[in-house]
Amino acid sequence: MKVFLEVVWLILKLTYYYFEALVLLFTKPKKKDVSGRTVLITGGGGGLGKQLAIQFAKHGARIVLWDVDTDAADRTVAIIREMNADAFAYYCDCRNEDEVAKMARKITKEIGPVDILINNAGILNGKSLLMLSTDEIRRTFDVNVLAHFWTLKAFLPTMIEKNEGHIVTISSSAGLSGTPYLSDYSASKFALLGIHESMFLELRDNGIDGVKFTIVCPNFINTGMSWYPKTKVPWLLPILDAEDVAKEILIAVRTNQQLLVLPKALIPLVSLKSLVPTKGGLAIYDWTGLGIEPHIPLSRKRQLKKQSEKSKQI
C-alpha cells in the first residue's frame, strides 16, 4: 500500500511539473541583474566567447577573459572598454590545473570573486577516429573536459560558501547525439552533460540552492571552429550565428534556465531518435544532414595511401 501511494504521489507531482512547465512557456520569467557582476569566460578571445563578453558587458557586467591567444583577448577587451565597461584579459592554459588555481587566486585578489563562470574554451579536430593521433585525443579531453574540473575546483568553493553564483557550461548538439568525424569532440561534450548534472544534484543534496547551473547545447556555430558545418534542413536546423547564441545564453543565465538547446527544434528530434528503431534514427540523421565536412574523409585517406604506395613502387 505504501509503494502504491508513493507512486501515485510521484505521478501527481509529475503532472503538476508538466503543467508548470507549460505555463512558463507563455509567461515572461523575471530576469536577474548581472550589472556589477564579475563574469569569467574561458576561451574569451574570439568566436562565441567574444560575443558572450560583449553581451554581458552591455548589461553592466565586469568581464574577465582567459585565453591562450592573448592578442585576441586583448582585442576583445579593447572593444568592451570602448563600451565604457570593465574588462581584463589574462593568459591561462586551462589544461593546466596548477595554472588555473594560480590564476584564480590572482583574479580574486586583483578583481574580486567570480560571480559567473562560463566554461567556453574548446577545440575541434574534425577527423575520423582512425586519423586522430593520441596527442590530439588527449588534448581534446584536456581542453574540453578536464579544464572544467580545474575551473570548478578553483571557483566553486567560494560560490558554495556564499550560496550564490552561476556556472555556465558550453556543450554542443554533438553532446546530445553522436556525429561523424567528431568522435573525440562528441565524447567530450557528452561528458560535460554528466559533469553538469552531477554537480547540480550534488549541491542540491547539500542544500546549496543559490548556485545556479546552465548547460548550453547549440547546433554548429559559424565561429570558424567547425570545419565546414553542414545541414540539409537550414529552415529547421540552421548553422547558428555566434552573436545570436550569446544573446540566448545571456537570457538563459538571467532567468536561471538549466538547459538551453539551440535551435529548439533539436529537442524533439533528439528525443524522437531514442524512441524509434535504430534504422529510424538513421533516417532522421540522413534527413537532417547535420555534421561537418572533415579535413580528409576516411575514404579519401585510403585513396591517398594507395597513391602513395603506387608512387613508391614507381
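Predicted model: local features only at pLDDT ≥ 70, side-chain atom pairs only at ≥ 80, totals over all residues.
I take buried to mean under 20% relative accessible area, exposed over 50%, and partly exposed in between (1.4 Å probe, protein chains only). Residues are numbered from 1 along each chain as its sequence is written, and side-chain values use heavy atoms, with hydrogens and water left out.

Entry 1, Asp115. I looked up Asp115 and found this residue buried, at 12% relative accessible area. Asp115 forms a salt bridge (a side-chain nitrogen of Lys or Arg within 4 Å of a carboxyl oxygen of Asp or Glu) with Lys162, the closest N and O atoms being 3.6 Å apart. Lys162 belongs to helix H5 (residues 134-162) and Asp115 to the loop between H4 and E4, so the pair ties together parts 47 residues apart in sequence. Helices (H or I, at least four residues) and strands (E, at least two) are DSSP runs, numbered from the N terminus. Lys162 is partly exposed, at 39%. I also noted a network of salt bridges that links Arg37, Asp115, Lys162 and Glu164.

I recorded 7 salt bridges in the structure. One of them joins Glu110 and Lys106 at 2.8 Å, N to O. These two, Glu110 and Lys106, stand 4 residues apart in helix H4 (residues 97-110), about one helical turn.
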